[in-house]
Amino acid sequence: MRIIFFLIVSCLLVSCIEEIDLRIQEKEPVLVVDGQITNQAPPYRVRLTFTGGYSSGGTIPSYNAVKEAVVYIENSQQERAYLAPLENENGLFETYDLAYKGELGESYTLHVELEDGRHYLSTPEKITAVPEIDSIYAQKVDAFEEADYFQIYCDTKDISGQKNYYLWTAFGYARVGSVNPQNSTEILDAGCPSACWVLRYSRDIHILSDEFIDGNTIAKQAVFQSPILARGNHLIEVSQYSISEQAFKYWTLFKEQNNRQGTIFDPLPAAILGNVYLQDSPEERVLGYFSASAVSRKRVTIPGVFDVNEVNLNALYISQSGGCALPFADCEPPKGWE
């Protein structure tokens, strides 16, 4: 769940909300399943929604969310962990058995039984090992007319002798000004004295197959871009996931569709079907994916720079970026960072 959460949560940073109705080509609303189990400590989450209208602010209307369902994750020994809906979280279900933890080498299947009797399940997903992240580092990129940013990279060592597929997500905290740095008496946002810490998640899909690099070092893998909107350190956390070949193919198609330029020569976008299907009709697959992954995480503090592009220190630019009025903004730096 955390993977997909990272990929969509950046939409929540939009301050205004406008209702959009996407005309999906299916005659009936289609179930969308986003979920994951890992070898990290529980709880694990699954979001269940139906296709239809959604807001430009990234929120899910309550009428599109699955409110009641029997949801459980089952391993190859038929041991189950049930999930309960979270209050005020449209369509989000969470495990409540804290003793049920994903294990390396074990396979897991998601089951969803809707109120109307339909029973959906995923193809089994196996948790395979993932190497530790060796290092995280940054390169400053001058963007000229836009905000400069740190391009964040990581290095790791591929596990030799087997097929491995990887997915990376990341998030970071960086400072955003709440006063005009060119005029300290001009307050852009009264929430914090001078600047606030804003949490941002990776927007892009970073995946890799070791087909041509088996057992070698994976060097300079791009995982995140952290915009430089004020002077100060950047606090970055990178997660490295092992994923299945089927999940890799799913995310490859997802990435290819997102990267299309939208010209008249491009094929019309098609629904990317995942690994969840209707039990009584296996050919009827739904949208989204349920995955099982091992994960390694690493944090790093990137020293801030002082030669910040003047564009980044412009009051208008900061105010347009949302400043400290953004969601996930805090006047104090997060605790527990190195």
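Predicted model: local features only at pLDDT ≥ 70, side-chain atom pairs only at ≥ 80, totals over all residues.
Together with Tyr-82 and Tyr-96, Val-70 makes a nonpolar surface patch of about 300 Å².

## Aromatic pairs across the chain

A pair of aromatic rings is described by two quantities, namely the distance of the centres and the angle of the planes. The count of aromatic pairs in this model comes to 11. One of them is formed by Phe-171 and Tyr-201, whose rings lie 5.7 Å apart from centre to centre, with 45° between the planes, and this pair is tilted. Although the two residues are 30 residues apart, the pair brings together distant parts of the chain, with Phe-171 in strand E13 (residues 165-177) and Tyr-201 in strand E14 (residues 195-201). Both Phe-171 and Tyr-201 are buried.

Another ring pair is that of Tyr-250 and Phe-254, with centres 6.3 Å apart and planes at 35°.

## Within helix H2

Tyr-250 and Phe-254 both belong to helix H2 (residues 245-258), and because they are four residues apart there, about one helical turn separates them. Is Tyr-250 buried or exposed? With a relative accessibility of 8%, Tyr-250 counts as buried, whereas Phe-254, at 28%, counts as partly exposed. Ring pairs also link Tyr-250 and Phe-254 with Trp-251 and Tyr-289, and these four residues form a cluster.

## A lysine over a ring

Aromatic rings can also be examined together with charged side chains. Here Lys-220 lies over the face of Tyr-153, at a distance of 5.1 Å from the ring centre.

## A buried serine and its polar contact

Ser-239 has its place in strand E17, which covers residues 234-242. Its relative accessible area is 1%, so Ser-239 is buried, because a residue belongs to that class when its value is under 20%. Which side chain does the side chain of Ser-239 join in a polar contact? The partner is Arg-297, and the polar contact between the two side chains is 2.8 Å.

Conventions
Residues numbered from 1 in each chain as written. Heavy atoms only, no water. Phe/Tyr/Trp six-rings, centres within 6.5 Å; stacked < 30°, edge-to-face > 60°. Buried < 20%, exposed > 50% of the residue type's maximum accessible area, 1.4 Å probe, protein only. Lys NZ or Arg CZ within 6 Å of the ring centre and 35° of its normal. Patch = residues over 30% accessible without salt bridge, like charges linked within 9 Å, V, L, I, M, F, W, Y side chains within 5 Å. Areas by Shrake-Rupley, 256 points an atom, 1.4 Å probe, with all protein chains shown as cover. Salt bridge = Lys/Arg side-chain N within 4 Å of Asp/Glu carboxyl O. Polar contact = N/O pair within 3.5 Å; in protein donor to acceptor, adjacent residues only side chain to side chain.
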